[in-house]
Amino acid sequence: MNNSSLGNRKMIFFWPLVCLVAGALLWLFIGSRITTEKRVLEQRALQDSVALSRVYASYLARSLEQMDQITMHVKSDWERLGRQLRLEDLKRDGLFTSSDFAVVAILDRNGYPVTATAGIDTSLNMADREYFLFHKSNISTALRISQPTVSRINGKEAIYFTRRLDTHDDGFDGIVLVAVDPAYFLKFYDRSILGDAGLLAVAGEDDMLRSSTIGGASYQIGEPAVRAFKSMLNQNDPYLAQNSMAFADSQPRYVAWQEVKSYPLTVMVGLSRKELLAPHEAAWNAYRTFAWAGTAFLLLIAVAGSIFGRHLARRELQALAVRKTYREATESASEAFYIAHPLYDEHGEIVDWELADTNETGAAMYGKERESFIGARLSSMYPGANFQTTMDMFRVALAVGSYEDEYRVPNGSPLRAEWLYRRLVTSEIGLAITIRDISEAKRNEQELLRLANEDALTGLPNRHWLMRYLPLAMQRMAQSGGKLALLFLDLDEFKNINDTLGHSAGDELLQITAQRVRAVLRPGDKMVRLGGDEFTVIVEQIGSKGDTTHVAERIIAALRQPAEIGGVNLSIGVSIGISVFPDDGSEAEVLLKNADIAMYAAKSNGKDQYRYFEPHLYETLKQRLNDKQALRHAIEQDHFILHYQPRVHTDSGELCGMEALVRWIDPERGMVPPLDFIPLAESTGLILPLGELVIEKACRQIAQWKAAGLPLVPVSVNVSPRQFNEGEIKNQLVAHIARHGIRPGDIQVEITESAMMGEHAEISAELAAIQAQGIKLLVDDFGTGYSSLSQLQRLDMDALKVDRAFTAELDQTEQGQVFFKAIVSMAHALGMKVTAEGVENMQQLAILRTLGCDEVQGYLISRPIDAAGMADMLRQRYMLTPPLRLAELAG
């Protein structure tokens, strides 16, 4: 066999062998590449799941802090107010309105509801519930989070946040309960982050699920989204859970978990393996297709060398296309990628780093073009001290294999961002670096923190901030031996202004208050809005009691300056209570409570003043709460009667009307003066049921006089601003007039000037609706409020009752007569009658006759008398001697 045929025979085996070896190497390369990419993707997925579990645990911790504060505030107020707190009233005042709360309630020591923000059957008993039994047998005020159960209140799934209530001797006194939908724990689910098949689950320290979701869908108690939560937690590290029974949809996921700081909960995050790998499957299929094509190509080489050349060229083109596709995928990424290799000196020490490769995003982050940026050295990118700091970070990454952190970009850095996430991983030639701009996420995080600690209306810190800052301030004072004063501010008559001038005027008043108080404080003093019209001021490092007194006096003086609010010039009154650390309390809650008690003492003592805390003030506050409860009980048991004071024509003395005045007959104290309970009723809201009771009694008495055949005159009832704005006065009048079968003209309504100061359209509509029923309207205590001529003309009132202060001046000064004459002339010009209140002697009566006053009322005619005495006056009819008769007697 010649050399040529031997060579040809060798060629017969050579090309198949070359084809086999080349095909094996090709498949090995493609398989290795796919395996490496999957490993990198899975490692990144596990890292992302760990990071997301930390983020969601942080979000949940902040949400739970708010729930913790809410239950602690309810507990504190319940125990501070002697178990008289009414959650229904707090909800009407704007608290607990968030959709997160299904119900907020207080259960007594026997498990029955005492008060709640939603209607609950008071016979419903919760004493057998696990959370109730736990608090009953454990002396702990810590917040407890129940397992999800079917609520007895509404039949829906609920999770309960509960806290123990204590008696004064630490005995069990019931619990605070806040019920939320299990979805409360999942409100942070974000499809843009977790995907359409991501898992988010929350479990307690008992390894029992509280709530879970896949893709944001709801899962019930018996059908959770994750079925093997407890076994997953037994794993030491995040891992790929592939058991088909682990999840409701049987998909494998990369799972990680994180305990919630300060709370007995664990958050689990799962990223869908199928969803994460789906974008890459197309590329991997292309690689496999390429391998098959390459194998076929190598087989063709064995047939013909020319075909081999063409196929070789085609394979090179395909390889170039793959590299181009890879580069395009890298360039389109939102993250910046860098490959850097070290530069050594003659001693083998790393002295610098050189950029070997980057994508366009990475170059743009430094304000460069990719082509010109490659080859740049670290020393040129980070001049000065920043170079050494960055070198240290690179050394750490080389030493341990990887490094990652969140980095606030300092001034002077070449990086164009505020916050960055950085991850460095060692590679064969140096370091692979990934940088992601997280500036927007950090800004959102800081904004959430600001919103959690700032009052939106005034820009002041809020109660949440105070309860974090105050204990630290007290700790500083204790360490330095200094003192701290806490001033509790409550605006006087704020609710009246809010009701009469509208909520926008009330908001403006709160903003003015914040501005003026801050203007008179020292730079280091802190002002906080607690809520409503309540503020606190923290004054640290006070030298003496006089320092705090000076601050309180400056605040009162600043707020007394008139301010135009809602078109009206008002002076703002404020009551201030002061407690001092460490004299009046060593804990923040106690110090705040004592300042609150001192404020109530200042308000009860005449308002617009300050008062230091004294131990006996607690008893005073307790007495006020007892008085409020006694008044509520008296209204429920109808311990009230009406007395009546007549009005007569000024000239003839004929009885023309009467004013109904309420009297409280207490079984133990006897008759309680109106000044002892009317202000209390106004401030507590009990004026609403008391006012309707007066209307009903007046209508019933008119009906009884009518049945007795007595000649009737109109009976007027007083209506406060709060009744007028909240009490459905028109509907009450119509209902009781119809119930007792009297005429609308038999009853009249007296309203003060302040009641007419609300929104013009609403006030006019309400007054017109009352007058449309045939009921006359009288302006009571005219001259003491803020009404104007234009208001009287617009509101079309029927009569003015001039305050007794002006009547008293009639026989004292000439100016008093001139002023009264002006009122009479103005009223008659507007078609209104005039009644003089507080007429006490004949000289005043004679002057009123000369001034043309229509009616008089006062002790000269009669003191307020009961219904029987008023019946005699109805029969008598005439109360005064006419003017002619007086002239005859004088002659």
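1. T458 sits in the loop between helix 12 (439-453) and helix 13 (463-480), and the model in which we see this placement is a predicted one. With a relative accessibility of 10%, T458 counts as buried, because buried means under 20% relative accessible area. The side chain of T458 makes a polar contact of 2.6 Å with the side chain of D455, and a polar atom of the T458 side chain also lies 3.3 Å from the backbone nitrogen of L460. Leaving aside residues up to four places away in sequence, T458 touches L510, Q511, A514, R518 and R529.

2. After helix 19 comes G685, which has a positive phi, near 90°.

3. In soluble globular proteins, nonpolar side chains tend to be buried together. Here the largest nonpolar core has 75 residues, and F640, W705 and F820 are those with the most contacts inside it. Helix 20 (residues 687-707) supplies the largest share of this core, 10 residues. A second, separate core has 40 residues, among them I145, I159, V178 and L200.

4. Not counting residues up to four places away in sequence, W705 touches Y644, M658, L710, L712, V715, A867, M870, A871 and L874.

5. E42 pairs with R273, their closest N and O atoms being 3.4 Å apart; since E42 lies in helix 1 (residues 3-80) and R273 in helix 6 (residues 273-303), the pair ties together parts that are 231 residues apart in sequence. E42 is partly exposed, with a relative accessible area of 22%, and R273 is partly exposed at 23%.

6. E855 forms a salt bridge with R647, with 3.1 Å between the closest N and O atoms. This pair links distant parts of the chain, 208 residues apart, with E855 in strand 32 (residues 855-856) and R647 in strand 24. Both E855 and R647 are buried. Elsewhere, salt bridges that share partners join K75, E79, R164 and D166 into one network.

Terms used:
Residues are numbered from 1 along each chain as its sequence is written. This is a predicted model: local features need pLDDT of at least 70, side-chain atom pairs count only at pLDDT 80 or more; totals for chains, interfaces and linings use all residues. Side-chain values use heavy atoms; hydrogens and water are left out. A nonpolar core is a set of buried Ala, Val, Leu, Ile, Met, Phe, Trp, Tyr and Cys residues joined through side-chain atoms within 4.5 Å. Buried means under 20% relative accessible area, exposed over 50%, partly exposed in between (1.4 Å probe, protein chains only). Helices (H or I, at least four residues) and strands (E, at least two) are DSSP runs, numbered from the N terminus. Contact means heavy atoms within 4.5 Å. A polar contact is a pair of N or O atoms within 3.5 Å; within protein, one must be able to donate a hydrogen and the other to accept it, and residues adjacent in sequence count only if both atoms are side-chain atoms. A salt bridge is a side-chain nitrogen of Lys or Arg within 4 Å of a carboxyl oxygen of Asp or Glu.
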